[in-house]
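Dear colleague,

The findings follow directly after it.

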Amino acid sequence: MNKKKKQKKGNHSGPKKTFRGMIEVTRSGMAFVIVEGLTKDILVKQKNLNTALDGDEVLLDVLKDHSNKNNGRMEGVVTDILKRKKTEFTGTLQVNKGFAFLVPEKGAFLPDIYIPANSLGEAKTGDKAVVRVVAWGEKTRKPVGEIIEILDASDTNDLAMKEILVESGFPLSFPDEVIAELAEIKEKITAAEVRKRKDFRKQLTFTIDPVDAKDFDDAISIRKIKGGYYEIGVHIADVSHYVLPDTALDKEADKRATSVYLPDRVLPMLPEKISNELCSLRPNEDKLTFSAVFQMNEKGEIKQHWLGRTVIHSDHRFTYEEVQEIIEGNSEGPHKEEVMLLNKIARILRKGRFDEGAINFSSQEVRFQLDPDGKPIGIVIKESKEAHQLIEEFMLLANRTVAEYVSKIKVNKQSVPFPYRVHDTPDEEKLQVFSIFARKFGHKFDLDNPDHIARSFNKMLQLAKGKPEQHVLETIGIRTMAKAIYTPDNIGHYGLGFAHYCHFTSPIRRYPDVLVHRVLAQCLAEDIHPDKYMEKKCRHCSEMERKAMEAERAANKYKQVEYMQQFIGDTFDGVISGVAHFGFWVETIDTKCEGLVSIHNMMARDEFKHDESEYALVGLHTGRRFRIGDKVKIRVMSANLTKRQLDYDLVEDLEEQQPASRPGNIGKPKRKEKEKERGERVQQGPGKKPKPNKPGSKPKPKAADNNNASKPAKAKPRPRKKEL
């Protein structure tokens, strides 16, 4: 007895330990707080969360410290929530006389939210709703909320997309104070403002964007100057002129940090009055821009450059398809000579990047053809062509030039806090395994230093192009790479081969670009005010970028499952895109729709073991291998929209097995972790469309509301320029 008391006392002895960190809640309800500088996360039991939810920034006190023991860790209790990750939640209403409760969706680990009578309106029991929490309550009290929107349960697509956005922590509409500020913004460009800027309005200027784009955030100007040189301007929408620090508009943009692109809509970072009107570089309109202007020759050799604020007047709006037709010689098109010259220079810049160590992974984009109700009727796979690469190279040049300029400036012998876009070197352990795997296909990797690794990657990708192993080598190669993030700590961008890099070219849809514009303006004016919160802002932007990608993947998966519902029982050729101990994922070649082939359904064939070094499942008795990159034939067994989950089965031997299993029981994982694996899978690989109703036909998107981002946009989301 005394021994137990002594031990218990020991757990609380010494000075109280308090930490600050971000909380992650697991599917079981157990939570862990990630604290910078600690090697192990701090365990928090559900009873000690004190209303903290996944993604919240919290303070916690340590209750027990077993970190000195083998595999031990600290256990704590949350004492304060410093920053809420989410304030809006979806669920089902239970309406009573004078009040109601929102019952959150399963897995939210959130108590029912109390809704007072003054927020109910016409709501009734059973309605799906979005509720914003206005008071979180104490331990014994439920949080209090207000209804933001009653969701139309009959519109399953709209409901699903909104739920995905809310789950990811993105608000569906803009607050009233933001809308009020918008009304105060002066749209007219004054003569006094023009005098502060370099005037490019008389120079040939045009934009190149997707056919259905509304927010034209970049333009290119070109004119011939003396000595065989050309003045080429990269002009970016001057969002920071309209979005001023510490305004409601700025705070909301900071909170969102990024626009989110779903198959049928865009949830914008900024209201459409800014993104599609004031700042959009539409043709035949004067616009305020921030520019990087280069004097260069046809060989891409830069004589000098200039950075600063400008005013432009776009003469023409190109689509990527129009420019591609000009490049391929199928169209005379307007400004053909200038387009061809820019493409010639872009090719040289691109080759130079790869010669200097940039890694040349190929890229594809999946786009859904949607009917007027948002239902997918086809899937189109788009490759990056020269028209896209033309714009990409000049955007990369501008981004690098801005980062190089700021990196040289010092304040009190210290670097200026700045949101660099960095990309670390590959994970050594993953790279070692991958190099052994690549050797099986005859590719040798030089792992001596990062430069040699990059050259090895490019040599392998070049030699593997068009061969059966190309897909598997690219897929696994990408997974060895670190994730690009925003940070004031400039370690360079490994994938691009740049020592200095930032995001300058898309301030309409990325908050880090707005921060870049502000710091650049201060540097040019020699009036620098170092932002002591820059590191925190960078972490937030990186986190919100990750959340946006998760939402986009979830929405794409929903559309894939919805599309494949019509093909239950049909067979498709596919490529194994991932392997785990409980089965393997197959991506159909025609649609890039990924589903799981469960090991449970393969037991009649053999007993399989996961061989991590081979990225394969291997039969213990037959030796049969199922490895990433292998081509297989599958049958679609089930398509679960609620779980956003496709289950496949191998076609071989199926015809011999009677009776066939019911689709509802096929391919379901036996363990909870399988659901997590499904959610975290990143889709990779090539594909085409299988049975589109109208090949090449365009969807008819829903109409948009200018300031309510919860409604579908007027056109399909524009494909973004390549994220780097």
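A residue is called buried under 20% relative accessible area, exposed over 50%, and partly exposed in between, with a 1.4 Å probe and protein chains only. By that rule D246 is exposed, with a relative accessible area of 62%.

This is a predicted model, in which local features need pLDDT of at least 70, side-chain atom pairs count only at pLDDT 80 or more, and totals for chains, interfaces and linings use all residues. Residues are numbered from 1 along each chain as its sequence is written, and side-chain values use heavy atoms, with hydrogens and water left out.

Two loop residues

Helices (H or I, at least four residues) and strands (E, at least two) are DSSP runs, numbered from the N terminus. D246 sits in the loop between α5 and α6, and its phi is near 70°, a positive value in a residue other than glycine. E526, in the loop between α14 and α15, is not a glycine either and has a positive phi of about 55°. E526 also counts as exposed, at 75% relative accessibility. As background, most residues other than glycine have a negative phi.

The second largest pocket

Pockets and cavities were found on a 1 Å grid over the protein atoms alone: a cavity is a set of points where a 1.4 Å probe fits but cannot get out, a pocket is an open set with protein on both sides within 12 Å along at least five of seven lines, and lining residues have an atom within 4 Å of a point. Grid points are joined across faces, edges and corners, and a volume is the space filled by probe spheres set on the points.

The second largest pocket holds about 410 Å³ of space. Of its 22 lining residues, P245, R518, Q522, D531 and K537 lie nearest the centre. Two or more lining residues come from each of α5 (239-242), α6 (248-256), α14 (511-525) and α15 (534-564), and α14 gives the largest share, five residues. The lining has 10 nonpolar, four polar and eight charged residues, where Ala, Val, Leu, Ile, Met, Phe, Trp, Tyr, Cys and Pro count as nonpolar, Asp, Glu, Lys and Arg as charged, and the others, Gly among them, as polar.

How are α14 and α15 arranged relative to each other? They pack at an angle of about 155°, with their axes 10 Å apart, and are therefore roughly antiparallel (angles over 145 degrees). Y511, P512, L515 and V519 of α14 meet M534, K537 and C541 of α15 in this contact (heavy atoms within 4.5 Å). Six of these residues are nonpolar, none is polar and one is charged.

The second largest cavity

The whole structure has four cavities of 30 Å³ or more. The second largest cavity has a volume of about 70 Å³, and its lining consists of K85, K86, T87, E88, V166, G169, F170, P171 and K255. By class, three of these are nonpolar, two polar and four charged.

S435 belongs to helix α11 (residues 428-439) and is buried, with a relative accessible area of 3%. Leaving aside residues up to four places away in sequence, S435 touches H443, F445 and L447. Its C-alpha atom is separated by 9.7 Å from that of S456, 21 residues apart along the chain.

Helix α13 (residues 470-479) is mostly covered, with seven of its 10 residues buried: H471, V472, L473, E474, T475, I476 and G477. These buried residues pack against α11, α12 (450-464), β26 (571-580) and β27 (583-588).

With kind regards

Key:
Axes fitted to C-alpha atoms, helices over the stretch in contact; angles between N-to-C directions. Parallel < 35°, antiparallel > 145°, perpendicular 65-115°, else oblique.
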